[in-house]
Amino acid sequence: MKIDLIAGARPNFMKIASIIDAIHAARSENKDIEYRLIHTGQHYDKNMSESFFTQLAIPHPHVNLGAGGGTQSEQTAAIMIGYEKLLMDEKTDLCLVVGDVNSTMACSIVAQKLHVPVAHVEAGIRSGDWKMPEEINRLVTDAITNFFFTTTPEAGDKLKKSGVSEDKIYWVGNTMIDTLLKHRNRFQQPPFWAELGLQKNEYLVITLHRPANVDEDDKLKVLIDEIIVNSHGLPLIFPAHPRTAKILAKLGISYENLHITEPLGYLEFNYLVENAKAVITDSGGITEETTVMGVPCITLRDNTERPETVTIGTNELIGTDPRAIQPAMERLFSGKWKKGGIPELWDGKAGQRVVNTLVSLGK
Ligand code: UD1
């Protein structure tokens with residue numbers, strides 16, 4: 001069986017890494033499975049893409065479609081055109097997509113229209129918020145997926161409610177967590193650790209990049225002001241996504257304890273998270289990683305497609321109203337943050353389960 005693995009944007013790379021590891025392991029047992037790794041080029045900066053390939057030892061992609069930048073539709077269209085050409089030149093038995101980025105949806109559509117079945121890893125999760133491009137990507141992808149690999153039983157339930165038959169749903173766990181667990185003992189101090197005098201549990205990490213939080217200039221400034229006021233003077237490390245970095249530069253935001261950095265490598269970023277007092281974020285994937293590492297996580301969003309990080313893990317959704325920051329940070333600083341547990345099957349073996357399933361489907 002020959003599989004196309006699609007990776008396009010930063011949060012895809014750690015998910016695909018675990019699947020590639022599992023394919024190599026299966027091949028070493030003479031299982032009939034081979035792959036072509038396709039980078040759509042959605043993320044193209046060195047520190048948004050290449051550094052992940054290097055640090056996680058992901059093989060060089062067989063193809064890069066170079067489809068980064070542009071509006072949602074321009075980017076989606078460029079990926080579709082590139083992938084369609086590739087598939088027409090050389091077909092494959094299955095297209096495997098991960099997550100919810102534009103590359104995920106674009107390649108699923110192309111594959112399915114060329115009668116190539118689609119497998120979706122991280123299927124069935126829903127925020128219910130149609131203003132998020134990721135939610136549209138999830139809905140469209142799952143509407144045309146043949147094999148659904150899920151992180152939780154709840155994701156499977158959502159799929160069943162939408163009419164997916166139970167025998168197409170495979171609860172496998174979380175491939176992003178496979179990669180976290182595999183590399184946990186390799187996490188690296190970022191180069192500025194000593195320079196800023198950082199100490200375990202004595203700083204906070206911030207990541208914000210969702211349009212709802214960063215695209216209105218005033219909103220971002222008010223959120224950051226509120227975090228600063230409630231930070232007890234602790235260092236705040238803010239590795240900024242290119243979108244956020246542009247806005248921060250325009251706003252000229254500057255505080256003594258706010259350290260804005262370039263996006264960090266995987267090993268440096270997770271070192272910072274693992275040792276932080278807490279993370280303040282609007283990411284989805286980071287709430288899964290903080291849950292597994294037991295780090296308090298304050299999420300500046302009104303909804304989440306990953307409710308288990310709240311019901312089981314260390315995450316709490318506080319919304320995007322800046323007034324919610326003070327009570328949350330007070331709870332954190334008074335030591336009253338919940339402890340949290342780890343969702344079932346987030347055990348480092350999800351990629352293996354995906355690949356074992358694919359191998360048995362190919363027979
Ligand atoms: C994408 C994903 C989001 C994920 C995020 C993580 C979609 C719909 N969204 O959002 O789910 O959480 O990645 O990073 O797919 N840019 C650069 N250099 C890069 C990449 C992007 O400068 O390497 C710029 C783009 O030109 C664009 C902006 O950042 O102006 C946004 O990039 P885009 O890929 O459209 O979406 P993200 O916001 O990164």
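A residue counts as buried when its relative accessible area is under 20%, as exposed when over 50%, and as partly exposed in between, using a 1.4 Å probe and protein chains only. Five of the six residues of strand S2 (residues 34-39) are buried, so S2 is largely enclosed by the rest of the structure. The model is predicted: local features need pLDDT of at least 70, side-chain atom pairs count only at pLDDT 80 or more, and totals for chains, interfaces and linings use all residues. Residues are numbered from 1 along each chain as its sequence is written, and side-chain values use heavy atoms, with hydrogens and water left out.

- Helices (H or I, at least four residues) and strands (E, at least two) are DSSP runs, numbered from the N terminus.
- Two strands pair if DSSP finds at least two bridges between them.
- Strand S1 (residues 2-7) pairs with S2 in the parallel sense over six bridges, and Ile 6 has Ile 38 in S2 as its bridge partner.
- From S1 the chain passes through helix H1 (residues 10-28) to S2, in a right-handed β-α-β crossover.
- Right-handed here means that, with the strands pointing away from the viewer, the path from the first strand over the helix to the second runs clockwise.
- S2 and strand S3 (residues 63-64) run parallel and are joined by two bridges; His 39 has Asn 64 in S3 as its bridge partner.
- A right-handed β-α-β unit is also made by S2, helix H2 (residues 50-55) and S3.

**The seven-strand sheet**

- The open sheet has seven strands in the order S3-S2-S1-S4-S5-S6-S7, with parallel pairing.
- S3 and strand S7 (169-171) are the edge strands, each pairing on one side only.
- Strand S6 (residues 147-150) runs parallel to S7 and is joined to S7 by three bridges; Phe 148 stands opposite Ile 169 in S7.
- Helix H3 packs on the sheet and touches S1, S2, S3 and strand S4 (94-98), where contact means heavy atoms within 4.5 Å.
- The direction of H3 makes about 155° with that of S2; axes are lines fitted to C-alpha atoms, for helices over the stretch in contact, and angles run from 0 to 180 degrees between N-to-C directions.

**Gln 72 in helix H3**

- Gln 72 is found in H3 (residues 72-89), and with 41% relative accessibility Gln 72 counts as partly exposed.
- Leaving aside residues up to four places away in sequence, Gln 72 touches Asn 102 and Pro 133.
- Gln 72 and Asn 102 are 30 residues apart along the chain, and their C-alpha atoms are separated by 7.5 Å.

**Helices H1 and H15**

- H1 packs against helix H15 (residues 350-362) at an angle of about 55°, with the axes 8 Å apart.
- That makes H1 oblique to H15; angles under 35 degrees count as roughly parallel, over 145 as roughly antiparallel, 65 to 115 as roughly perpendicular and the rest as oblique.
- The contact involves Ser 18, Ile 19, Ala 22, Ile 23 and Ala 26 of H1 with Gly 351, Gln 352 and Val 355 of H15.

**Strand S8**

- In a regular strand the side chains alternate between the two faces of the sheet.
- In strand S8 (residues 204-207), Leu 204 and Ile 206 point one way, Val 205 and Thr 207 point the other way, and all are buried.
- S8 pairs in the parallel sense with strand S9 (residues 236-239) over two bridges, with Val 205 opposite Ile 237.
- S8 also pairs in the parallel sense with strand S11 (residues 278-281) over four bridges, with Leu 204 opposite Ala 278.
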